[in-house]
Amino acid sequence: VYDVIIVGARVAGSSIAMLLARRGLKVLCLDRASFPSDTISTHQDQLPGSALLKRWGLLDRIIEAGTPAARRLRFDTGPIVLEGAYPAFEGVDAVFSPRRTILDKVLIDAARRAGAEVRERVVVEKVLASEGKVTGVQIRSHSGVTTTENAALIVGADGKHSLVAKSVGATTYNAQPPLTAAYYTYWQGVSLSGGEIYSRARRAIGVWPTNDSLVLTYVAVPADEFHAFRADIEGNFLCSLDLGGDIGERVRSGRRVERYYGSADLPNFFRKPYGPGWALTGDAGLAMDPVTGQGIALAFRDAELISAALEAGLGGRQPLDSALAAYEKERNRQTKPIFDFTTDLASFPAPRIEQEVLLRSIGGRQNEIDRFFGVLTGSTPMPEYFSPGNLLSLIGFSGFLKIAGRKFRERSGPTPEKEPAPIPVS
Ligand SMILES: Cc1cc2nc3c(=O)[nH]c(=O)nc-3n(C[C@H](O)[C@H](O)[C@H](O)COP(=O)(O)OP(=O)(O)OC[C@H]3O[C@@H](n4cnc5c(N)ncnc54)[C@H](O)[C@@H]3O)c2cc1C
């Protein structure tokens, strides 16, 4: 009998397995995949995520694997272009984009080193319960042998279509249907000096350096364009890149070295993350559109939060239920602002005068540009940045009058077409 069985061994599952094993718990972590292996995901690890990797002693392994640091960002809305650097967060000053073949393997190795048992190529077929409480899982090995394992708690770190969540009927809230579809691929021989984000009407583009000197390009389109886009992926992908400055030209001067990966399976939701004998974390508990590239860093943050709750609850220092209720509350408090920001961007909203005034007002003020980039990566607290006091101090009274004037004119009659709103991408 284990203290905790974790279903799923990628960014959420392996980091919890590592943290719980480091706290002395007996942990079994299961995944149907074998590692190293890829998964459908781009891989910007935002600054707070890399800060956790650093705290766990793993960031050096990611860097040693040849993952480049993107210290600078170009944020281009068409009429407005901001360039700057990320403000450091707990000693990390760059966005790293490690391939999942590297990141997930580094985490799994760390979980094993900490004493967790990790089994690969095993499918969890069933969640077992007795008298209303989850007690274990039924597992099928690669060779077809079925066994059961029991634990005080089963954690679903099994992704957005979580079997654990389905089996226990976890309640979903704040849900929104998929808003975007995303395609991405990799290029060799493309010059790049940091990350690049382009927001255009009905398109968001991200360009990031990754392992093996490759450049990752990502294009998000409204979900309702998925089928049309799919009809000519390369044509539509390159056309989209051509909207972003010279990025289309730059990738054509290089060579595409992988296929196009795409997904329209990009739901947005929170799930109640605990109940009798079970808990959920990572995408199984909370998923959002990848346009802001948050899932990995949030999985790491939640691994910290939930492993502390489980240690307190299973160790008898606090009733498990109340420890996990506190986990849910803290997860939601920290995530709701970026969730709302993300779903708003992913809806490709009509241009907003507030955004234009804000971005124009920080243009040329390097410190403020960098602070805004901190909002995008999570190193500048979003509620603080978007507080009325801070916004007024940034845009000044003249900015306020400009917004009020535009709003007044909008109410009085039709307005001319405007440039698209800024849309950060993952
Ligand atoms: C197109 C796209 C781009 C993205 N870009 C970014 C980005 O740039 N930055 C970022 O931070 N996030 C990004 N994300 C989000 C990120 O991929 C997820 O948030 C993250 O992978 C969630 O990790 P997880 O460990 O919770 O789940 P997953 O990565 O989904 O892992 C779940 C694991 O559980 C295993 N599993 C599931 N069911 C079973 C079962 N029954 N038995 C055994 N094993 C099982 C699976 O095999 C899998 O390995 C992107 C996502 C997509 C789709």
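This is a predicted model: local features need pLDDT of at least 70, side-chain atom pairs count only at pLDDT 80 or more; totals for chains, interfaces and linings use all residues.
Author: Residues are numbered from 1 along each chain as its sequence is written, and side-chain values use heavy atoms, with hydrogens and water left out.

Reader: How do you know whether the radius of gyration of the protein chain agrees with that of a compact globule?

Author: The globule rule, 2.2 Å times the number of residues to the power 0.38, with the radius taken over C-alpha atoms, puts a compact globule of 426 residues near 22 Å, and because the protein chain has 22 Å, the two agree. Along the principal axes, the C-alpha atoms fill a box of roughly 65 × 45 × 40 Å.

Reader: What makes the pair of F75 and F372 edge-to-face?

Author: A search of the whole structure finds 17 aromatic pairs, where rings of Phe, Tyr and Trp (its six-membered ring) pair if their centres lie within 6.5 Å, and planes under 30 degrees apart count as stacked, over 60 as edge-to-face and the rest as tilted. F75 and F372 lie 5.5 Å centre to centre with 75 degrees between the planes, and the pair is edge-to-face. F75 belongs to strand 4 (residues 72-76) and F372 to helix 12 (residues 366-377), so the pair ties together parts that are 297 residues apart in sequence; helices (H or I, at least four residues) and strands (E, at least two) are DSSP runs, numbered from the N terminus.

Reader: Why is the pair of F397 and F400 called stacked?

Author: The ring centres of F397 and F400 are 6.1 Å apart and their planes stand at 20 degrees, so the pair is stacked. Both residues lie in helix 14 (residues 388-412), three residues apart, about one turn of the helix.

Reader: Are F75 and F372 buried or exposed, and how do you know?

Author: Buried means under 20% relative accessible area, exposed over 50%, and partly exposed in between (1.4 Å probe, protein chains only). F75, with a relative accessible area of 1%, is therefore buried, and F372, with 5%, is buried as well.

Reader: What are F397 and F400 called on that scale?

Author: F397 has a relative accessible area of 59% and is therefore exposed, whereas F400, with 43%, is partly exposed. Of the 426 residues of the protein chain, 54% count as buried.
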